[in-house]
Amino acid sequence: MAMAAIEVTGLTKRFKEVEAVKGVDLTVYEGEVFGFLGPNGAGKTTTISMLCTILKPDGGKGHVAGFDLWREKDKVRQNIGLVFQDPTLDRNLTAYENLWFHALIYNIPTRERRERIEMVLKMVELYERKDSLVQTFSGGMKRRLEIARGLLHHPKILFLDEPTIGLDPQTRAHIWDYIHKIRKEKGITIFLTTHYMDEAENCDRIAVIDQGRIIALDTPQNLKKMVGNNIVYINSMEASGIIIFIKEKFNLEAKLIKNQVVVEVTDAETFIPQLLKELPYPVTSVSLKKPTLDDVFLKLTGRELRDEVITNGKAPAFHRRRRWQ
Ligand SMILES: Nc1ncnc2c1ncn2[C@@H]1O[C@H](COP(=O)(O)OP(=O)(O)O)[C@@H](O)[C@H]1O
Ligand SMILES: [Mg+2]
């Protein structure tokens, strides 16, 4: 049985009239990359801050890295690494100096400091720039340095609040390479928040958080299964014949939308070959859309894929990307 790295129940936090976190129950297993996914204001930073003992919860209890959130706060802090949403590097120091300062705060023994600093700098490919001032770094380099810093004291859990916010797609992909490398090489548990739904796909499991509550928690694959269906689009001169054929043969309700036959199926990989093999009509083209986490969120927050198809008369939610800022 996998051991829990984080286990909390009933975590709540209110800021005056704002109920930021409304009772979060969560178990994260050792070695997992766990994502907290939700729109701006959902309560991600508030939750992660409570898990890191930076913010005192109003209620709830639990353990982080094996220590009690209330009674063993110092132990929790010694055993976690943190990368905040807003950068907290000293711009007027070099990369090396920033890490040296962190090593002092965490009481890393003098004889180990240099070696550890060099190791984490190499890990995030900043060793060559170790003596440059942080103010000369790009956004991506700063983020990498912060990740290096978060690893310096050998934490059991690394917390990252929006690790790739504001970075370009290429740099984001790069940061993700490091996250996976850290997990693989160091066996560290990683807990991160994000409002990028495509990025949440990189996590082993995701909790979807909205308005202070977890509204779903599962692997990205299972969440997408929950949305259900693959959608198959068929182009043919014989659309109405095909719709009848699909009804008779597969007992599925296909629809004609913008001159395309559109049908929802659970398993397109088997449906498409079977259809094409038996269909007595010529087909011009077939295309397929699979659900994304965007669709999961739309579904969870109340809008139905099905309605979209009918009301818009065009391809559903897939084309509409909602911004999560
Ligand atoms: N220090 C604070 N004082 C008052 N309200 C806050 C404070 N921090 C967060 N909030 C509110 O709590 C809610 C959740 O915020 P936050 O946890 O930062 O969300 P997220 O990180 O998901 O964007 C928001 O409505 C936010 O305005
Ligand atoms: Mg936040």
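**Entry 1: the sheet with strands 1 and 2**

I began with strand 1 (residues 4-15) and found that nine bridges join it to strand 2, the two running antiparallel. The model is a predicted one, and I read each entry below with that in mind. Within this pair I looked up I6 and found V28 of strand 2 opposite it. I then turned to the helix on this sheet: helix 1 (residues 44-51) packs there and touches strand 1, strand 2 and strand 4 (59-64). I noted that the direction of helix 1 makes about 125° with that of strand 1.

For the sheet as a whole I recorded four strands in the order 2-1-4-5, open, with antiparallel pairing. Strand 2 (18-29) and strand 5 (67-68) stand at the edges with a single partner strand each, so one side of each has no neighbour in the sheet.

**Entry 2: a nonpolar patch**

I next examined the surface and found a nonpolar patch of about 400 Å², made by W100, F101, L104 and I105. I located F101 in helix 3, which spans residues 95-105.

**Entry 3: the division into domains**

I looked up how the chain is divided: domain 1 covers 4-219 and domain 2 covers 225-319. The C-alpha centres of the two domains lie 40 Å apart. How many residues of domain 1 are in contact with domain 2? I found nine residues of domain 1 in contact with five residues of domain 2.

I then recorded another open sheet of four strands, in the order 12-13-11-14, with antiparallel pairing. Which strands stand at the edges? They are strand 12 (255-257) and strand 14 (285-289); each has a single partner strand, so one side of each is left without a neighbour in the sheet. I noted an average twist of 30° from one strand to the next.

Inside this sheet I followed strand 11 (residues 230-235) and strand 13 (residues 260-265), which pair in the antiparallel sense over five bridges. I picked out Y233, whose bridge partner in strand 13 is V262.

Terms used. Residues numbered from 1 in each chain as written. Chains lettered and ligands numbered in written order. Predicted model: local features only at pLDDT ≥ 70, side-chain atom pairs only at ≥ 80, totals over all residues. Heavy atoms only, no water. Patch = residues over 30% accessible without salt bridge, like charges linked within 9 Å, V, L, I, M, F, W, Y side chains within 5 Å. Areas by Shrake-Rupley, 256 points an atom, 1.4 Å probe, with all protein chains shown as cover. Salt bridge = Lys/Arg side-chain N within 4 Å of Asp/Glu carboxyl O. Pairing = 2+ DSSP bridges. Contact = heavy atoms within 4.5 Å. Axes fitted to C-alpha atoms, helices over the stretch in contact; angles between N-to-C directions. Domains from an automatic or database assignment.
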